[in-house]
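Biologist: I would like to go through the assignments one at a time. For each, please set the value against its cut-off before you conclude.

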Amino acid sequence: REKLPDDWEDIYPMAAIEAGMVFSSLMRPDEPVYYDQASVDVHIVNMEIFMHVFGLVVQKHDILRTRYYMHRFGEPMKVVVKDIELPLEIDDIRHLNEADQTRHINAYYDSQYDFRYEFDGEIMWHARLFRTTETAYRITFSHHHCILDGWSVSILSKDIANAATLSDISETFELPKLASGYRDYAAIHF
């Protein structure tokens with residue numbers, strides 16, 4: 001690891017199943033088969049704390065800081081970077097009535113069907129936080145399936161929902177560590 005660029009944490013070959021999903025997405029760009037969305041309704045008690053803890057969630061789940069490369073290296077690779085700018089947009093729609101809020105959110109969902117990754121160094125997710133009332137939000141997480149399956153989305157959703165409920169944290173606040181990660185998988189399989 002000491003030979004990696006300063007902003008890189010790790011580099012791994014893609015697992016065969018990941019490379020297969022990515023290859024399929026590149027070969028059939030008009031079919032959004034592996035493009036997923038997950039939404040969680042949350043009540044955010046303190047936005048500043050939520051954003052801080054959301055950043056900690058991204059640090060905890062290194063897959064959220066992973067860039068996928070199909071062509072830069074001699075084989076499909078993924079690079080875990082140390083930090084990213086959070087790909088999170090806030091959309092305040094409190095001025096809309098409930099029916100218009102639903103239409104607005106659904107239009108966003110529909111627009112995501114046209115979104116495609118190039119697999120040339122991007123982070124494979126982005127999120128939008130829809131503010132519907134003073135404290136009610138819907139966070140929509142759009143991602144490629146190569147980074148998160150249903151089980152992983154459930155774990156991530158729980159971390160995000162828990163972040164929303166925090167009204168105060170100490171300077172030493174930490175999220176629980178993951179029992180294992182891709183580094184463990186790579187150590188066994190590559």
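Biologist: Which residue lies over the face of Tyr69, and at what distance from the ring centre?

Modeller: That is Arg72, placed 5.3 Å from the ring centre. A charge sits over a ring if NZ of Lys or CZ of Arg is within 6 Å of the ring centre and within 35 degrees of the ring normal, so the 5.3 Å of Arg72 falls within the distance limit. The charged end of Arg116 likewise sits over the ring of Tyr35, 5.0 Å from its centre. Please bear in mind that this is a predicted model, in which local features need pLDDT of at least 70 and side-chain atom pairs count only at pLDDT 80 or more, while totals for chains, interfaces and linings use all residues. Residues are numbered from 1 along each chain as its sequence is written, and side-chain values use heavy atoms, with hydrogens and water left out.

Biologist: Why is the pair of Tyr108 and Phe130 called what it is, given the centres and planes of the rings?

Modeller: Rings of Phe, Tyr and Trp (its six-membered ring) pair if their centres lie within 6.5 Å, and the planes then decide the name: under 30 degrees apart is stacked, over 60 is edge-to-face and the rest is tilted. By this rule the count comes to nine aromatic pairs. The centres of Tyr108 and Phe130 are 5.4 Å apart and their planes stand at 70°, so this pair is edge-to-face. It links distant parts of the chain, 22 residues apart, with Tyr108 in helix 3 (residues 98-111) and Phe130 in strand 7 (residues 125-131); helices (H or I, at least four residues) and strands (E, at least two) are DSSP runs numbered from the N terminus. Phe115 and Tyr117 form another edge-to-face pair, at 4.8 Å centre to centre with 85° between the planes.

Biologist: How do you know whether Phe115 is buried, exposed or partly exposed?

Modeller: Buried means under 20% relative accessible area, exposed means over 50%, and partly exposed lies in between (1.4 Å probe, protein chains only). Phe115 stands at 30% and therefore counts as partly exposed, whereas Tyr117, at 7%, is buried. Phe119 is buried at 0% relative accessibility; it lies in the loop between helix 3 and strand 6 (120-123), and has a positive phi of about 60° although it is not a glycine.

Biologist: What makes strand 4 largely enclosed by the rest of the structure?

Modeller: Five of the five residues of strand 4 (residues 77-81) are buried, which is why it is described in that way. Both faces are covered, with Met77, Val79 and Val81 on one side and Lys78 and Val80 on the other. Two strands pair if DSSP finds at least two bridges between them, and strand 4 is joined to strand 1 (residues 8-13) by five bridges in the antiparallel sense. Strand 3 (residues 66-69) also pairs with strand 4 in the antiparallel sense, over four bridges. Among the facing residues, Tyr12 has Lys78 as its bridge partner, and Thr66 stands opposite Val80.

Biologist: How do you know that Lys78 forms a salt bridge, and with which residue?

Modeller: A salt bridge is a side-chain nitrogen of Lys or Arg within 4 Å of a carboxyl oxygen of Asp or Glu. The closest N and O atoms of Lys78 and Glu18 are 2.6 Å apart, so the pair meets that rule. Because Lys78 lies in strand 4 and Glu18 in helix 1 (residues 16-27), the pair ties together parts that are 60 residues apart in sequence. Both Lys78 and Glu18 are buried. A search of the whole structure finds 13 salt bridges, including that of Lys60 with Asp159, at 3.1 Å. This one links Lys60 in helix 2 (residues 47-60) to Asp159 in helix 4, 99 residues apart.

Biologist: Are Glu134 and Arg131 buried or exposed?

Modeller: Glu134 is exposed, because its relative accessible area is 54%, while Arg131, at 17%, counts as buried. Their side chains meet in a salt bridge of 3.0 Å, N to O.
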